[in-house]
Amino acid sequence: CFWLALSGQTTDIVALATVQQSPLLYFCIAFFPRLLCGLLSGLVCRGMKRICRGKGTLAYAVTGAVGSLCNTVLYLGALYLLIRDLLASLYHIDVGAVGAMVLSVATTNGLLEAVLSCVLTAAICRALGALGSKKGEAS
């Protein structure tokens with residue numbers, strides 16, 4: 001995302017406008033939420049595995065949902081905190097309405113992504129776990 005925005009090869013108008021304003025600012029918006037999301041997801045998974053002993057699928061499902069919500073909240077939060085004036089001018093809305101716009105995106109897209117991530121993460125991790133245990137038996 002960052003490279004595409006920097007090179008102008010994206011259709012994301014928010015990314016393009018932010019890069020024009022400040023490449024460093026867009027770097028922070030593009031990278032830090034994603035890095036924190038990975039870190040927090042790993043910590044949640046570790047904690048959930050301790051809580052859900054023997055119920056790995058539940059731990060993975062919760063981790064998937066939390067990871068997705070973390071990404072949504074951190075990314076949209078960074079947009080709101082760092083470039084709300086730019087968002088207002090891009091979408092021709094009042095600066096006071098940017099919070100409502102960000103919140104509506106978080107609740108519609110964010111919740112759907114969290115549900116899908118919950119299901120897919122649990123299914124994929126369960127399949128990988130089964131594959132790993134079968135591979136271990138064959139050795």
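**View 1. Helix 2 packed against helix 3.** In this predicted model, helix 2 (residues 13-21) and helix 3 (residues 23-51) pack at an angle of about 135°, and their axes lie 5 Å apart. Helix 2 is therefore oblique to helix 3, where angles under 35 degrees count as roughly parallel, over 145 as roughly antiparallel, 65 to 115 as roughly perpendicular and the rest as oblique. The axes are lines fitted to C-alpha atoms, for helices over the stretch in contact, and the angles run from 0 to 180 degrees between N-to-C directions. Helices are DSSP runs (H or I, at least four residues), numbered from the N terminus. On the side of helix 2 the meeting residues are Ala15, Thr18, Val19 and Gln21, and on the side of helix 3 they are Pro23, Leu25, Tyr26 and Ile29, with contact meaning heavy atoms within 4.5 Å. Sorted by class, the contact of helix 2 with helix 3 holds six nonpolar, two polar and no charged residues; Ala, Val, Leu, Ile, Met, Phe, Trp, Tyr, Cys and Pro count as nonpolar, Asp, Glu, Lys and Arg as charged, and the others, Gly among them, as polar.

Residues are numbered from 1 along each chain as its sequence is written, and side-chain values use heavy atoms, with hydrogens and water left out. Because the model is predicted, local features need pLDDT of at least 70 and side-chain atom pairs count only at pLDDT 80 or more, whereas totals for chains, interfaces and linings use all residues.

**View 2. Helix 3 and the residues it buries.** Helix 3 has 29 residues and reaches 42 Å from its first C-alpha to its last, close to the 42 Å expected at 1.5 Å a residue, the expected span being 1.5 Å times one less than the number of residues. The buried residues of helix 3 are Leu25, Tyr26, Ile29, Ala30, Pro33, Cys37, Ser41, Cys45 and Met48, and what covers them includes helix 1 (2-7), helix 2 and helix 4. Buried means under 20% relative accessible area, exposed over 50%, and partly exposed in between (1.4 Å probe, protein chains only). Gly38, also in helix 3, counts as partly exposed because its relative accessibility is 44%. The C-alpha atoms of Gly38 and Cys70, which are 32 residues apart along the chain, are separated by 9.1 Å.

**View 3. The kink in helix 4.** Helix 4 (residues 56-91) spans only 44 Å between its end C-alpha atoms, whereas a straight helix of 36 residues would span 52 Å at 1.5 Å a residue. Helix 4 has a kink of about 95° centred on Ile83, where the bend at a residue is the angle between axes fitted to the seven residues ending there and the seven starting there. Thr72, a residue of helix 4, counts as buried because its relative accessibility is 8%. Leaving aside residues up to four places away in sequence, Thr72 touches Gly77, Ala106, Gly110 and Glu113.

View 4. By class, the residues of the contact of helix 2 with helix 4 are nine nonpolar, two polar and no charged. Leu87 in helix 4 counts as buried, since its relative accessibility is 2%. Not counting residues up to four places away in sequence, Leu87 touches Val14, Leu79, Val98 and Met101. The C-alpha atoms of Leu87 and Ala17 are separated by 9.1 Å, although the two residues are 70 residues apart along the chain.

**View 5. His92 after helix 4.** His92 follows helix 4 and lies in the loop between helix 4 and helix 5 (95-138). Its phi is near 55°, a positive value in a residue other than glycine. His92 is exposed, with a relative accessible area of 73%.

Note on methods:
Helices (H or I, at least four residues) and strands (E, at least two) are DSSP runs, numbered from the N terminus.
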